[in-house]
Amino acid sequence: MKVTVIGLGYVGLPLACAIARKTKHSVVGYDISEEKIEIIKKRECPIDDEQCEKDLKEISFNCTSNSEQIRGSDIYIVCVPTPVLNDYTPNLEPLKEAVLEISKFLEKGQTVVIESTINPGVCEEIVKPLLEEKTALKAGVDFDIAHCPERINPGDPVWNVYNIPRNVGSTRAETTKMLADFYRSFIDNEVNEMPDLKSVEATKIIENTFRDINIAFVNELAKSFDVLGIDLVTVIKGAANKPFAFMPHYPSCGVGGHCIPVDPYFLIERAKKSGFDHKYLKLAREINNSMPFYTIELLANGLNEFEKSIKGAKIALLGMSYKADVGDIRESPSLKIEKLLLKSGANLTVFDPYFPLLSNVSNLKDALKDAFAIVIATDHKEFLNINPEMLANTKVKVIIDGKNCLNKSAFKEAGFYYKGIGH
Ligand code: SAJ
């Protein structure tokens with residue numbers, strides 16, 4: 001078949017590589033960014049994905065920013081971002097753009113698969129009318145719409161597009177079967193055929209919402225255990241050795257990324273339209289969104305111990321990425337922490353090895369040099385080496401460990417003021 005992947009980011013590019021590498025189908029990779037296409041044509045990888053870097057050296061596929069080349073695809077797979085707007089409502093513009101592009105070429109017998117994360121109902125309420133209007137074809141009769149949510153976990157060394165199980169559903173059972181077999185041809189794991197589109201859309205949303213509420217649970221515990229004088233990280237480690245019915249999550253300075261802090265709003269907004277108010281999911285979002293503020297509070301308390309305030313204090317903010325060892329700031333709590341520090345008048349130095357343009361020093365040593373307090377907001381590997389000896393000949397006295405990633409007892413024994421999140 002001819003398979004077109006639309007959107008060559010951290011989801012679409014590994015997918016296009018996997019199909020090109022493991023199947024006989026002809027693959028077209030389409031992206032609106034000419035710059036990205038040029039990089040891929042040189043067999044370089046524009047995303048942090050080791051497997052993909054390897055694949056791009058071995059295989060090649062037609063990669064283009066000219067949408068004419070997607071014409072005649074048996075399967076169009078949409079892997080574009082579905083971010084949220086400032087009011088946390090889903091921004092489906094990139095998705096609509098991609099679907100509109102497809103509508104110029106869609107013919108009978110073809111299938112449109114959405115991999116982007118969407119709220120229940122988007123396939124039937126947005127994608128379907130858009131395609132039917134523009135093509136005068138009928139979904140479920142002349143062509144099919146399917147959803148096969150992506151589950152890429154950026155930076156994960158074990159789970160990738162070749163082995164993460166998938167769920168797929170579409171407008172017709174036989175198309176779901178065809179697609180499941182197609183995905184099975186390059187995925188060495190279960191591909192579950194689901195009865196309809198809404199149930200597949202909902203599956204992905206609850207996976208990520210499950211994560212958000214569990215992180216909110218430990219983030220609230222962090223605040224209460226801080227006043228109770230209990231180390232939550234120690235407690236979670238204890239609870240985590242229960243071999244069943246407990247799944248550890250960890251408190252931190254906030255929840256970032258393109259998925260976890262975003263997906264719950266998809267469900268909250270869609271359910272609200274149908275008259276249901278997700279109080280619990282909204283409260284979890286509020287708790288997680290409060291963690292950057294809590295981190296600043298801990299810093300202020302630490303500086304107080306030295307009769308200092310944030311205003312005028314020399315502070316090093318370490319880490320802008322939302323996650324360790326990846327270069328991605330989408331919804332990163334660091335952005336909020338930086339804003340709050342600047343608003344409070346901090347004399348701020350920012351350093352993230354993945355974001356030289358957002359850093360105002362070019363290495364960790366320079367970031368620590370004159371700082372009185374450091375705030376760890378991302379647990380990049382490089383920061384894990386920070387120890388009392390490294391800080392001995394600096395002015396650092398206060399350490400706020402937003403990812404609980406440094407050695408608390410070593411710093412306390414060396415006389416530093418150390419405070420983690422619930423730790
Ligand atoms: N975080 C915590 N405490 C935790 C776990 C995570 O504060 O116990 C924070 C992280 O620091 C990060 C955010 O939450 O800022 C999201 O963490 P994440 O590990 O979920 O990172 P993502 O969004 O890159 O990856 C997730 C996938 N993560 C895992 O399954 C481990 C998964 O939810 C999805 O496959 C994927 O996004 C997606 O695309 O939906």
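Residues are numbered from 1 along each chain as its sequence is written, and side-chain values use heavy atoms, with hydrogens and water left out. Because the model is predicted, local features need pLDDT of at least 70 and side-chain atom pairs count only at pLDDT 80 or more, while totals for chains, interfaces and linings use all residues.

Let's start with the open sheet built from 8 strands, in the order 3-2-1-4-5-6-7-8 and with mixed pairing. Strands here (E, at least two residues) and helices (H or I, at least four residues) are DSSP runs, numbered from the N terminus. Two strands pair if DSSP finds at least two bridges between them. Strand 3 (62-64) and strand 8 sit at the edges with a single partner strand each, so one side of each has no neighbour in the sheet. From one strand to the next, the twist averages 20°; angles run from 0 to 180 degrees between N-to-C directions, and axes are lines fitted to C-alpha atoms, for helices over the stretch in contact.

Within this sheet, strand 1 (residues 2-6) and strand 4 (residues 75-78) run parallel and are joined by 4 bridges. Valine 5 has isoleucine 77 of strand 4 as its bridge partner.

Strand 7 (residues 166-170) is mostly covered, with 5 of its 5 residues buried. Buried means under 20% relative accessible area, exposed means over 50%, and partly exposed is in between (1.4 Å probe, protein chains only). In a regular strand, side chains alternate between the two faces of the sheet. In strand 7, Arg166, Val168 and Ser170 point one way, Asn167 and Gly169 point the other way, and all are buried.

What about the partners of strand 7? With strand 6 (residues 144-147), the pairing is antiparallel over 2 bridges, and histidine 147 stands opposite glycine 169 of strand 7. With strand 8 (residues 191-193), strand 7 runs parallel, joined by 3 bridges, and arginine 166 has valine 191 of strand 8 as its bridge partner. To get from strand 7 to strand 8, the chain passes through helix 6 (residues 173-184), making a right-handed β-α-β crossover. Right-handed here means that, with the strands pointing away from the viewer, the path from the first strand over the helix to the second runs clockwise.

The axes of helix 4 (residues 93-103) and helix 5 (residues 122-135) come within 9 Å and cross at roughly 35°. Contact (heavy atoms within 4.5 Å) is made by residues including Leu95, Val99 and Ile102 of helix 4 and Ile126, Val127 and Leu130 of helix 5. By class, the contact has 9 nonpolar, 2 polar and 2 charged residues. Ala, Val, Leu, Ile, Met, Phe, Trp, Tyr, Cys and Pro count as nonpolar, Asp, Glu, Lys and Arg as charged, and the others, Gly among them, as polar.

Helix 4 has Leu95, Ala98, Val99, Glu101, Ile102 and Ser103 as its buried residues. Their cover includes strand 1, strand 2 (26-30), strand 4, strand 5 and helix 5. Helix 5, in turn, lies across strand 5 (111-114) and strand 6, running at about 145° to strand 6.

Another open sheet has 5 strands in the order 10-9-11-12-13, with parallel pairing. Strand 10 (347-351) and strand 13 (417-420) are its edge strands, each pairing on one side only. On average, neighbouring strands of this sheet are turned by 15° against each other, direction ignored. Strand 11 (residues 373-376) runs parallel to strand 12 (residues 398-401) over 4 bridges, and isoleucine 374 has isoleucine 399 of strand 12 as its bridge partner. Helix 10 lies across strand 9 (314-318), strand 11, strand 12 and strand 13, at about 165° to strand 12.

Leucine 281 lies in helix 10 (residues 279-304) and, at 8% relative accessibility, counts as buried. Leaving aside neighbours within four places in sequence, leucine 281 is in contact with Thr209, Ile213, Leu267 and Ile268. Lysine 282 is also in helix 10, but counts as partly exposed at 33% relative accessibility. Not counting residues up to four places away in sequence, lysine 282 touches Ile268 and Asp277. Lysine 282 and aspartate 212 are 70 residues apart in sequence and 10 Å apart in space, C-alpha to C-alpha.
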